Amino acid sequence: MTQSVYRTPKGTHDVLPEDHIFMTYIKKAVRHRARQAGYKRIETPMFENRTIFERGIGEHTDIVEKELFMVSSKHEDEDNGPEFALRPEFTASICRSYIEHGMQQLPQPVELYAIGPCFRHDRPQKGRYRQFNQFDFEIIGLKDPSLDAQLIHVLSKILDDLKILKRLRLQINNIGTPESRKAYLDALKDFFIGKERNLPALDRSRLETNPLRLLDSKEEDTQILLKSAPTLDQFLDDESKQYHETVLEYLGALGIQYEENSSLVRGLDYYTQTVFEYWDETTGAQNAVGGGGRYDRLMELLGGKDTPGIGFACGMERIAWQMAQTGVKPPNKDQVDVFVAQLGPEAKKTCLMLISQLREKGVHTIGALGEASLKSQMRLADKFGARYTLLLGQMEVKEGVIILRDMAAGKQKQIPFKNAIPEVTKLIGERNLDTYTIKDKIGDTVDED
Ligand code: HAM
């Protein structure tokens, strides 16, 4: 490996071709399941007015307090600092978009999905990056326990398509309405009066700013104290209890396995009632593969009408890692079908045309158009993993023939030049040719990236 002075910024990474195969496959599964279930794709800007995140996600969450990447510009307001921040997630932006574009006029619920990079200035570690990719699903404008179950069902289908569902466990909880939660938080604060000194520094400050986060604290001292503290479910309102039971019943009906987890609270403030995460069996809460929940008050926080919503997001790098752990290898469509080798000016010109025509037919073709010897071109063909090589030297041009070599078998034969394309496409097989289908061309359903 060459040592370069320049490297990717801390917490970011290049997605190299061998990793891209995973990313492309994940996107494919996401798009397929989204289309099946009637979700429409949305794209929001990578940066937004920072107050959207501050108000939406919550000022005292880690994501906003510590992890927002501010976008500075020359026109920055001296008093208030940067106007914009890179998106740390999609939900707040999608809700902003719903309000901005009057989507409440559309038939409800509005079901949207997004795929793209998000940014959090977190301390980088395994599975935790400063730029990472999420796919995100949201159902906005209608509330019913069946929607919660259906959303989780779509997620479980995607994870199953990617062959990682078996490694994961669904954790689910209901954190009640903001009102019932307030009564609980008051009780929790009361409980800790006089015990603050026993709390680690971070949790002591959380007690002031975001006491709910104490529940999923990793600190042993906090966990010991919590054993005798009041619990959230004691304060849950009847409606939330009933709602939760119905969601679980529907999940059961859909054959989705889950674990009830009363300490699951999630790190974003906008949640109400249902919250869930998919955890790796071995690493647990750390590096959740995906998570989400209801956010029935978020629209109001962003200046919209009272509108319910539920959604989830998954980290694509973490999913790719899980796939690699299971040994899943997505089909690689980047394989080279044909390598065209040539020698001499006439042959080169003919090969330029031949390469172009093969590509048009859907044959993945590369060609050495340099001046290397035929022997070294053959070595190159081997290194590129080409299945077949077409060889055209000056003699062949004169005689109107070409040499076709099967690389794996190590056999070659001379064929009439005009037969080169039909012969190669036959060998590769009609269904393996990389062409748009007619449906893709006229139906506007071309796969986007
Ligand atoms: P979140 O739990 O903050 O939820 O993130 C969702 C997923 O994104 C995580 O489970 C994880 O896989 C991935 N992720 C988060 N941070 C990082 C990071 N620093 N590096 C790598 N992967 C990461 C949300 O973002 C909510 N917007 C989900 C949602 C949608 N709730 C309702 N609708």
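Trainee: Why does P308 count as buried?
Mentor: P308 has 18% relative accessibility. Buried means under 20%. So P308 counts as buried. Bear in mind that this is a predicted model.

Trainee: Where is P308 found?
Mentor: In the loop between α11 (298–301) and β11 (309–315). P308 and Y295 are 13 residues apart in sequence. In space, their C-alpha atoms are 6.5 Å apart.

Trainee: What makes K66 and D62 a salt bridge?
Mentor: Their side chains meet at 3.4 Å, N to O. The cut-off is a Lys or Arg side-chain nitrogen within 4 Å of an Asp or Glu carboxyl oxygen. Therefore the pair qualifies.

Trainee: Is K66 buried, exposed or partly exposed, and why?
Mentor: K66 stands at 45% relative accessibility.

Trainee: Which residues are linked with K66 in a network of salt bridges?
Mentor: D62, D203 and R206 join K66 in that network.

Trainee: How do you know that R128 forms a salt bridge with D122?
Mentor: Their closest N and O atoms are 3.1 Å apart. That distance is within 4 Å, so the contact counts.

Trainee: What accessibility classes do the two partners fall into, and why?
Mentor: R128 has a relative accessible area of 24%. That value falls between 20% and 50%, so R128 is partly exposed. D122 is at 15%. That is under 20%, so D122 counts as buried.

Trainee: What makes D296 and R294 a salt bridge?
Mentor: The closest N and O atoms of D296 and R294 are 2.9 Å apart. The limit is 4 Å, so this pair passes. Both residues are buried.

Trainee: How many salt bridges does a search of the whole structure find?
Mentor: The search finds 19.

Trainee: Where is K163, and why is it called exposed?
Mentor: K163 sits in the loop between α5 (145–161) and β7 (168–174). Its relative accessible area is 55%. Exposed means over 50%, so K163 is exposed.

Trainee: What is the phi of R266?
Mentor: About 70°, again positive, and R266 is not a glycine. R266 lies in the loop between β8 (259–260) and β9 (274–280).

Trainee: Why does R266 count as buried?
Mentor: R266 has 13% relative accessibility. The cut-off is under 20%, so R266 counts as buried.

Trainee: What makes the peptide bond that joins Q108 and P109 a cis one?
Mentor: Omega is about 0° for that bond. P109 is found in the loop between α4 (91–100) and β5 (110–119). Most peptide bonds are trans.

Trainee: Which residues gather in a patch of negative charge on the surface?
Mentor: E76, D77, E78, D79 and E83. E76 has 32% relative accessibility. E76 is in the loop between β3 (70–71) and β4 (84–86).

Trainee: Where is E423, and why is it partly exposed?
Mentor: E423 is in helix α16, residues 420–428. Its relative accessible area is 24%. That lies between 20% and 50%, so E423 is partly exposed. E423 and L404 are 19 residues apart in sequence and 9.1 Å apart in space, C-alpha to C-alpha.

Trainee: What does the domain assignment give?
Mentor: Domain 1 is 17–177 + 237–326, and domain 2 is 338–432. Their C-alpha centres lie 49 Å apart.

Note on methods. Residues are numbered from 1 along each chain as its sequence is written. This is a predicted model: local features need pLDDT of at least 70, side-chain atom pairs count only at pLDDT 80 or more; totals for chains, interfaces and linings use all residues. Side-chain values use heavy atoms; hydrogens and water are left out. Patches are made of residues with over 30% relative accessible area and no salt bridge: like charges are joined within 9 Å, nonpolar side chains (Val, Leu, Ile, Met, Phe, Trp, Tyr) within 5 Å. Accessible areas come from the Shrake-Rupley method with a 1.4 Å probe; for residues, only the protein chains shown count as cover. Lys and Arg count as positive and Asp and Glu as negative; His and the chain ends are not counted. The place of a charge is taken as NZ of Lys, CZ of Arg, CG of Asp or CD of Glu. Helices (H or I, at least four residues) and strands (E, at least two) are DSSP runs, numbered from the N terminus. Buried means under 20% relative accessible area, exposed over 50%, partly exposed in between (1.4 Å probe, protein chains only). Domain bounds come from an automatic or database domain assignment.
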